[in-house]
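Dear colleague,

Please find below the structure that I am handing over to you.

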Amino acid sequence: MPDARELVLYHIPQSRSLTVLWLLEELGRPYRIHQLDVAKNEQRGAEYRRLNPSGKVPAVADGHTLLTERGAIMVHLADRYAPGRLAPAIDDPGRPDYLRWMFYAIGVMEPLLTFAALKIDVEAPPGALAWGEWDTMIGVLEKGVAPGPFLLGEPFTAADIMVGSFIGWATAMQILPAGGPLADYLARVTARPSWARTQAADGTR
Ligand SMILES: N[C@@H](CCC(=O)N[C@@H](CS)C(=O)NCC(=O)O)C(=O)O
């Protein structure tokens, strides 16, 4: 178990834990990467499942506190280590929108983008699926990024890391177009020096 002040990311390169790695690079605090060997299915082994019974990355040890699930990890780390900077304060007028984007990413973008990437067609009556329809999601996202430069205007927040990570992944998978408002937004968020550092750190430690 890490010591009381250590920040450790349980990580698989090029995976969903990259989103948390990006946040760690924005936080500017020391952290350590514990890389799991996906070829050996280490994430599904008994030892790691003691940390995350789901057998998934990311997990984060924040000292003696263990966190799993990206949404929870992102909200916790930004609130704890970058309040008022990467996370609007609880009484900031931007806070509800910030939380909305965090949950929208996991609850709506994640399933719709994953189904599109895997070419899965979910048959269900209209209205039965919590994530709704593809075109609606695109409309919500385009409206959200239109004023710019970031989701809350200024400043850049952890919600941009979350939503930007999904847009980046989906663009690389050619599910989203390489041009247009979402691509412009992606260019803005990935222009941050923290993104270059994230790519450099991914898979190297
Ligand atoms: N609900 C989890 C999902 C995480 C997840 O899907 N992680 C993938 C990485 S892309 C994973 O660990 N896959 C390895 C496996 O299932 O063996 C979260 O958002 O944190």
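In the protein chain, 63% of the contacts with a separation of 6 or more are between residues 24 or more positions apart. Please note that this is a predicted model. Of the 205 residues of the chain, 31% count as buried. A compact globule of 205 residues would have a radius of gyration near 17 Å, and the value for this chain is 17 Å, so the two agree. Along the principal axes, the C-alpha atoms fill a box of roughly 45 × 40 × 30 Å.

The secondary structure consists of 8 helices and 4 strands. Read from the N terminus, the order of elements is β-α-β-α-β-β-α-α-α-α-α-α.

The domain assignment gives domain 1 (7-86) and domain 2 (95-194). Their centres, taken over C-alpha atoms, are separated by 21 Å. To the contact between them, domain 1 contributes 13 residues and domain 2 contributes 10 residues. On the side of domain 1 that touches domain 2, helices H1 and H3 each supply at least two residues. H1 gives the most to that side, with 6 residues. By residue class, this side of domain 1 divides into 7 nonpolar, 2 polar and 4 charged residues.

Because 9 of its 10 residues are buried, H1 is largely enclosed by the rest of the structure. The buried residues of H1 are Leu 18, Thr 19, Val 20, Leu 21, Trp 22, Leu 23, Leu 24, Glu 25 and Glu 26. Their cover includes strands S1 (7-11) and S3 (59-62), together with helices H3 (70-81), H6 (158-172) and H8 (193-201). After H1 comes Gly 28, which has a positive phi, near 75°.

I turn next to the nonpolar core. The largest one has 48 residues, and those with the most contacts inside it are Leu 23, Met 74, Trp 101, Ala 158 and Met 162. Two or more residues of this core come from each of S1, H1, S3, H3, H4 (95-117), H5 (134-145), H6 and H7 (181-190). H6 provides the largest share, 9 residues. The core draws at least three residues from each of domain 1 and domain 2. Leaving aside residues up to four places away in sequence, Met 74 touches Val 20, Leu 23, Met 102, Ala 158 and Met 162.

The model also contains a ligand. Around the ligand are Ile 12, Ser 15, Arg 16, Gln 43, Arg 44, Gly 55, Lys 56, Val 57, Pro 58, Glu 69 and Arg 70. This shell divides into 3 nonpolar, 3 polar and 5 charged residues.

From C-alpha to C-alpha, Pro 177 lies 9.9 Å from Ile 167, and the two are 10 residues apart in sequence.

With kind regards

Notes:
Residues numbered from 1 in each chain as written. Predicted model: local features only at pLDDT ≥ 70, side-chain atom pairs only at ≥ 80, totals over all residues. Buried ≥ 20, exposed ≤ 12 C-beta atoms within 10 Å, placed from the backbone. Contact = placed C-beta atoms within 7 Å. Core = buried A, V, L, I, M, F, W, Y, C linked by C-beta atoms within 7 Å. Domains from an automatic or database assignment. Near = placed C-beta within 6 Å. Nonpolar A, V, L, I, M, F, W, Y, C, P; charged D, E, K, R; others polar. Rg over C-alpha atoms; globule rule 2.2 N^0.38 Å.
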